[in-house]
Amino acid sequence: MPRHESVAAGELLALKALNILGVRIDAISMQEIIGWVRDAIHAGASDQYILVMNVAKLVKAREDRTFHRIIDEADLVGVDGMPLVWYSKLLPERLPEKVSGIDIMMTMFQVANREGWSFYFLGATQQVIG
């Protein structure tokens, strides 16, 4: 399914995508990501996935077509690296802020606790989930 045609992305948040060296990165803040996830859950859209991009992943995407396709198919691509935020200042549109994957996860745990949601970690060891 092409990105942003899902229930969550198509109806809940219009994303601005930047093209940085041939790779799509959505110009989205932490607050918008959390709102997008909350709306996706309430809409019953359980097949969404978020990636966060840094310079190493950007380089890999330029060299690895399969990885590039995975990025293109993501529902949301955030930025996890200040060099990309700085680079975006040279573009007409800018990335609003760095939002790391761990920051998204920790914030989602807080929201989930308030809203009564649970998480399932596929393939995670007990050490990882603590």
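## Ser88 and its surroundings

Leaving aside neighbours within four places in sequence, Ser88 is in contact with Leu18, Glu93, Arg94 and Leu95 in this predicted model.

Ser88 belongs to helix α5, and because its relative accessibility is 0%, where under 20% is the cut-off, Ser88 counts as buried. A polar atom of the Ser88 side chain lies 2.7 Å from the backbone oxygen of Val85.

## The nonpolar cores

The largest nonpolar core has 16 residues, and those that touch the most other members are Ile20, Ile25, Met53, Ile71, Leu84 and Leu95. At least two residues of this core come from each of β1 (17–20), β2 (23–26), α3 (55–63), α4, β4 and α5 (82–88).

## Helix α2

Helix α2 covers residues 30–42, and its 13 residues should span 18 Å at 1.5 Å a residue, which agrees with the 18 Å between its end C-alpha atoms. Its buried residues are Met30, Ile33, Ile34, Trp36, Val37 and Ala40; seen down the helix axis, these buried residues fall within an arc of 160°, so they line one face of α2. Gln31 and His42, on the other side of the helix, are exposed.

Just after α2 comes Gly44, whose phi is positive, at about 75°.

## A buried aspartate in a loop

Asp75 is found in the loop between α4 (65–73) and β4 (76–79). With a relative accessibility of 7%, Asp75 counts as buried, and a polar atom of its side chain lies 2.9 Å from the backbone nitrogen of Tyr49.

## Confidence in the model

The mean pLDDT of the protein chain is 84, and 83% of its residues reach 70 or more. Over residues 1–11, however, the pLDDT is below 50, although this stretch has 27 contacts in the model beyond near neighbours in sequence. Where pLDDT is low, the predicted coordinates should not be read in detail.

Key: Residues numbered from 1 in each chain as written. Predicted model: local features only at pLDDT ≥ 70, side-chain atom pairs only at ≥ 80, totals over all residues. Heavy atoms only, no water. Helix = DSSP H or I, 4+ residues; strand = E, 2+ residues; numbered from the N terminus. Expected span 1.5 Å × (residues − 1). Buried < 20%, exposed > 50% of the residue type's maximum accessible area, 1.4 Å probe, protein only. Arc of directions from axis to C-beta. pLDDT = per-residue confidence, 0-100. Contact = heavy atoms within 4.5 Å. Polar contact = N/O pair within 3.5 Å; in protein donor to acceptor, adjacent residues only side chain to side chain. Core = buried A, V, L, I, M, F, W, Y, C linked by side-chain atoms within 4.5 Å.
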